[in-house]
Amino acid sequence: MAQKQLIKTPWLIAGQFMNNIGMSFIWPLTTIYMHNVLGKSLTETGVVLMLNSVANVLASTIGG
């Protein structure tokens, strides 16, 4: 029978830190793309990104 491997807290914190850094680069690029290429207003873009962020929070909460 295989043993369970536990992920230690520092690795989880490091992974979350890297994820946050990556998303910090994605949001501005998404905003520019939606505004310049798709022709959406900055207000629409902001609302879409806010809804995406809320959905991520809910999914993280439900997923644990």
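The lining of the largest pocket in this predicted model has 6 polar and 3 nonpolar residues and no charged ones. The pocket holds about 180 Å³ of space. Two helices, α1 (9–37) and α2 (42–63), each supply at least two residues of that lining, and the axes of these helices cross at roughly 140 degrees.

**Largest pocket**

- The residues that line the largest pocket are Gln16, Asn19, Asn20, Met23, Trp27, Ser53, Asn56, Val57 and Ser60.
- Helix α1 provides the largest share of this lining, with 5 residues.
- Met23, Trp27 and Val57 belong to the lining and count as nonpolar.

**Helix geometry**

- The axes of α1 and α2 come within 9 Å of each other.
- Because angles over 145 degrees count as roughly antiparallel and those from 65 to 115 as roughly perpendicular, the crossing at roughly 140 degrees makes α1 and α2 oblique to each other.
- The crossing of α1 and α2 is right-handed.

**Contact between α1 and α2**

- On the α1 side, the contact is formed by Trp27, Thr30, Thr31, Met34 and His35.
- On the α2 side, these residues meet Leu42, Thr45, Val48, Leu49 and Asn52.
- By class, the residues of this contact divide into 5 nonpolar and 5 polar, with no charged residues.

**Pocket and contact together**

- Trp27 lines the largest pocket and also takes part in the contact of α1 with α2.

Note on methods
Residues are numbered from 1 along each chain as its sequence is written. This is a predicted model: local features need pLDDT of at least 70, side-chain atom pairs count only at pLDDT 80 or more; totals for chains, interfaces and linings use all residues. Side-chain values use heavy atoms; hydrogens and water are left out. On a 1 Å grid over the protein atoms alone, a cavity is a set of points where a 1.4 Å probe fits but cannot get out, and a pocket is an open set with protein on both sides within 12 Å along at least five of seven lines; lining residues have an atom within 4 Å of a point. Grid points are joined across faces, edges and corners, and a volume is the space filled by probe spheres set on the points. Helices (H or I, at least four residues) and strands (E, at least two) are DSSP runs, numbered from the N terminus. Axes are lines fitted to C-alpha atoms, for helices over the stretch in contact, and angles run from 0 to 180 degrees between N-to-C directions. Angles under 35 degrees count as roughly parallel, over 145 as roughly antiparallel, 65 to 115 as roughly perpendicular and the rest as oblique. A crossing is left-handed if the near helix is turned anticlockwise from the far one by less than a right angle, and right-handed if clockwise. Contact means heavy atoms within 4.5 Å.
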